[in-house]
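Let's explore a protein model together, one question at a time. Have the structure open as you read.

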Amino acid sequence: MEQKTIQIAGSITVDELSKALGLSVTELIGTLFKNGIVATINQRLDFETASIIIDELGLKNVKLEKKNTSTKTSDYRRELSDKATVRPPVVAVMGHVDHGKTTLLDTLLHKKTVEKEAGGITQHISAYQLKHNDRLITFLDTPGHEAFAAIRQHGAMLTDIVVIVVAADDGVKPQTVEAINFAKSANAKIIVAINKIDREGADIQRTMADLSQHGLQPEEWGGDIVMVPISAKQNQNLDKLLDMILLTADIEELKADIDIPAEGLVIESHMEVGKGSVVNLLVTGGELKTGEFVVAGSTYGKVRTMLDWKGKPKGKATPSTPVTITGFKDLPNFGDRFIEAKDEKTARKMALLNAQAAADESADANVTSSDLLRMMNVADNTKTFNVIVKGDVLGSVTSVVDSLRLIDTKGEITLNIVSTGVGDINENDVYMAADENTIIYGFNISVPINISKMAARDGVKIRTFRVIYELLDDAKHEMENLLDAEIVEEDKGELKVLGVFRTEKTSIIAGGEVLKGDVKPTYLARVIRDKKYLGEAEVTSVQKEKMDVDNLVAGETGGLALSTKSKIELQIGDRLQFFTREAKKRTL
């Protein structure tokens, strides 16, 4: 039987799905009803829900696909024409915190940024260009702190080559492994810069061996990964590193089309007083010129000004060139693809279509897969605590099981006795526990050495006791770990906003007067305008007279930096209500 493919862009109505499946609406609504959903003909189902329903119907010849309406970098690759010309490589510099990524770029570009970064850690993706042997190379300096893992992954998606910086005196660290995985997932070529070879304790061979354990085999050892020992601080072997980057670019034959509408990617965007939206772009195709209209996601604009990475005016930008432009009506999202439009009317229409597609992908689905699975699940929302009980005699086992059942879980924990038995813990117990995420409790018995090793290998917890209340205390503690924490909020103070100096997608810099209480870094803030709640932010720093301080108290004025999960247009006169939120562990 021929397989049928159905594409879903975000969600699909019951009527549309029934027609696509060749079923009557009545039959489809009946299937939904059997699974606990009372649906109408115009009810929208998300992708996962539609998949579950098709499985319930037993339709083996139907395949669902998510229709791509996204403008994100990871979803887009252009097919090149025969006229494509050679372009500079785009190189992401990645690695663990303090392994020297930014120092490497500073030395290459003769600039100083380390001191400017908060805590010496790169906060954003920044793009630069340098010339080596009369050829341009574009560099992306990607964040190294674990809090910026998502941004770093986008950084890898923008790139042709990833230079992974590893300190010779420190070796492979968790973020080094992250960078390796990101580079591989983006199909980028990898070059390793083994940094800090001038330091005491530097061991190049040990570092290479460490890297080989994570799938990067050095060329010297018969592998395919170029590893260049360098000292970014001493400017040692950096020319060799650049040579290897250009050689890799030549092998990859990196090209781009020029005779097409300009297109590329949004690297960063923020609002500046007097300039409006300031957007960093990386051109990937065509030629971007001032005066042209561009679209990115659900926003568009006319390129009013264009600057190169040094801040100098630029009339046009060719592929692999990073530029900063002004002119967007609103802030585009990081990672959005931008494209040139022939005029403002076309640009506006494209932005509206992108906005509609994004809306279809989000909250448009009335019935989600989580709703369906919850309705299909016979069990309620209680957590399950799985145990296997083994004892020396049947009486002991019965006593332990009965005592476990008497623990008051306030209706939030379901005790599931997976298995019971008399005698020592055996292989079958461990196999069963591994499958069910189960704790094995032994009472008045021993655990053979081979079983202990097997349990350790499979991640199975075995607890043995000779006093029953100690066993029950342990079980109660494990159950408490399953309880959702209690969220406790405490009001701390309030501030009136007197100035807004900078607004980005996820951060705000503002100033104001503390009306009551105090404000400190790490406090959370509710943004209130005319008694209306606008959103929530976190205070990341507080300043008084342009100096960082621990806090501001009632009656004082000062500045503060706020971090937000979504854009908030803060205005003069708004109130910030500060509070703390703490997750407190609950007990039974």
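Here are some questions and answers about a sheet and a helix.

This is a predicted model, in which local features need pLDDT of at least 70 and side-chain atom pairs count only at pLDDT 80 or more, while totals for chains, interfaces and linings use all residues. Residues are numbered from 1 along each chain as its sequence is written, and side-chain values use heavy atoms, leaving out hydrogens and water.

Q: In what order do the four strands of the open sheet stand?
A: Strands (E, at least two residues) and helices (H or I, at least four) are DSSP runs, numbered from the N terminus. Two strands pair if DSSP finds at least two bridges between them. Pairing in this sheet is parallel, and the order is β22-β21-β23-β24.

Q: Why is one side of β22 and of β24 left without a neighbour in the sheet?
A: β22 (413–422) and β24 (461–465) stand at the edges. One side of each lacks a neighbour because each has a single partner strand.

Q: Which residue of β24 is the bridge partner of I440?
A: Strand β23 (residues 439–443) runs parallel to β24, and five bridges join them. In β24, the partner of I440 is I462.

Q: How many of the nine residues of helix α4 are buried?
A: Buried means under 20% relative accessible area, with exposed over 50% and partly exposed in between (1.4 Å probe, protein chains only). Helix α4 (residues 101–109) is mostly covered, and its buried residues include L104, L105 and L108. The number buried is eight.
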